[in-house]
Amino acid sequence: MPASKPVIRVRGLVTRFGSQTVHDGLDLDVRRGEVLGVVGGSGTGKSVLLKTIIGLNRPAAGRIEVLGDDTAGLDDAGRIRLQARWGVLFQDGALFSSMTVAENIMVPLKEHTRLDPLTIAEVARIKIAMTGLPPSAGAKYPSELSGGMRKRAGLARALALDPEILFLDEPTAGLDPIGAAAFDELIGNLQRSLGLTVFMVTHDLDSLRAICDRIAVLIDRRIVVDTLDALRLLDHPWIREYFQGPRGRAALDAGAGPSGIGA
Ligand SMILES: Nc1ncnc2c1ncn2[C@@H]1O[C@H](COP(=O)(O)OP(=O)(O)OP(=O)(O)O)[C@@H](O)[C@H]1O
């Protein structure tokens, strides 16, 4: 794929639930290797956008291309092949509670590869180590882990198939500030070392500053996307309140932006 072609390309997206229109002609390009933070007021359709891009929600209109494939035009086999090229971490980790962490990580490997059981177990061990969990976490059930460890386990499962794109839905929600900062650092390190493209829905201003190259703001059922510094200058009431309010200023003035690829 040429470097200029976006990894995710959304055009004219319309999403409706009954009479409620959540997205109305939304356009978005996500560039290869960037960390895109998706923000917006509560109920503006951030999670629905993520779910629509990964095919869990059917749009009313519009076109979504992921890694060059028009997602609406895929047959079952094509969809399964594409799904193997992304990983998703939902807010609560979405782990299977009846399986150990290692077994959770093995699920996509068993579904999408023909690796032998010993290799699958070895890959699970590697993913556990990559996400900063102790080796002993592999044999534990999700209920035996802290919230932060559960997120790491969910991340390990999302990375099981060495995806090109990582979708994160509020990855630091529910973590204390130290846990959240450590998780941001982990995502940033993994993104750089693995060359991931990251689509991250978040409310966390610290995460935006720490690891996002660009920010997509859901406003008026569409998206405005730019660097943090450029967005902060925009004269829109929600953006002003979000970035220039006391919490925004405290978080964003605490340090410079990431040294990522920028706009
Ligand atoms: N399956 C569904 N059926 C009907 N309405 C839905 C469904 N999923 C989402 N919605 C509605 O779509 C809107 C956008 O929801 P979404 O979860 O994307 O918001 P969000 O921006 O992620 O909000 P928050 O920041 O509060 O999590 C909301 O009004 C929600 O009630």
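Reader: In the hairpin of β1 and β2, which residue takes a positive phi?
Author: Gly 18 does, with a phi near 60°. That hairpin has two residues between its strands. Please note that this is a predicted model, in which local features need pLDDT of at least 70, side-chain atom pairs count only at pLDDT 80 or more, and totals for chains, interfaces and linings use all residues. Residues are numbered from 1 along each chain as its sequence is written.

Reader: How many bridges pair β1 and β2?
Author: Eight bridges pair β1 with β2, in the antiparallel sense. Val 10, for instance, has Leu 28 in β2 as its bridge partner. Two strands are said to pair if DSSP finds at least two bridges between them. The element names follow DSSP runs numbered from the N terminus: helices are H or I runs of at least four residues, and strands are E runs of at least two.

Reader: In which order do the four strands of that open sheet come?
Author: The order is β2-β1-β4-β5, and the pairing is antiparallel. At the edges are β2 (20-30) and β5 (69-70), each of which pairs on one side only.

Reader: How many bridges are there between β1 and β4?
Author: Five bridges connect β1 to β4 (residues 61-66), again antiparallel. Arg 9 is partnered by Glu 65 of β4, and Ile 8 by Val 66 of that strand.

Reader: Which helix packs on the sheet?
Author: Helix α1 (residues 46-53) does, touching β1, β2 and β4. Its direction makes about 120° with that of β1. Such angles run from 0 to 180 degrees between N-to-C directions, and the axes are lines fitted to C-alpha atoms, for helices over the stretch in contact. Two residues are in contact if their C-beta atoms, placed from the backbone, lie within 7 Å.

Reader: A change of topic: what is the order of the open sheet of six strands?
Author: That sheet runs β6-β7-β8-β3-β9-β10, with mixed pairing. The strands β6 (86-89) and β10 (222-226) have a single partner strand each, so one side of each is left without a neighbour in the sheet. On average, neighbouring strands here are turned by 20° against each other, direction ignored.

Reader: Do β6 and β7 run parallel or antiparallel?
Author: They run parallel, and four bridges join β6 to β7 (residues 165-169). Trp 86 stands opposite Ile 165 of β7. Helix α5 (residues 147-158) lies across these two strands, at about 165° to β6.

Reader: At what angle do α3 and α5 pack?
Author: Helix α3 (residues 101-112) meets α5 at about 25°, and their axes are 8 Å apart. This makes α3 roughly parallel to α5; angles under 35 degrees count as roughly parallel, over 145 as roughly antiparallel, 65 to 115 as roughly perpendicular and the rest as oblique. The crossing is right-handed. A crossing has that hand if the near helix is turned clockwise from the far one by less than a right angle, and it is left-handed if the turn is anticlockwise.

Reader: Which residues of α3 and α5 make the contact?
Author: From α3 they are Val 101, Asn 104, Ile 105 and Pro 108, and from α5 they are Ala 153, Ala 156 and Arg 157. Five of the contact residues are nonpolar, one is polar and one is charged. Ala, Val, Leu, Ile, Met, Phe, Trp, Tyr, Cys and Pro count as nonpolar, Asp, Glu, Lys and Arg as charged, and the others, Gly among them, as polar.

Reader: And how do α3 and α4 cross?
Author: The axes of α3 and α4 (residues 117-130) come within 9 Å and cross at roughly 120°. The two helices are therefore oblique to each other. Their contact has nine nonpolar, no polar and two charged residues.

Reader: Where is confidence lowest and where is it highest?
Author: Among the elements, helix α10 (residues 246-252) is lowest, at a mean of 73, and strand β1 (residues 8-17) is highest, at 97. The scale is pLDDT, the predictor's confidence in each residue, from 0 to 100. The chain has a mean of 90, and 94% of its residues reach 70 or more.
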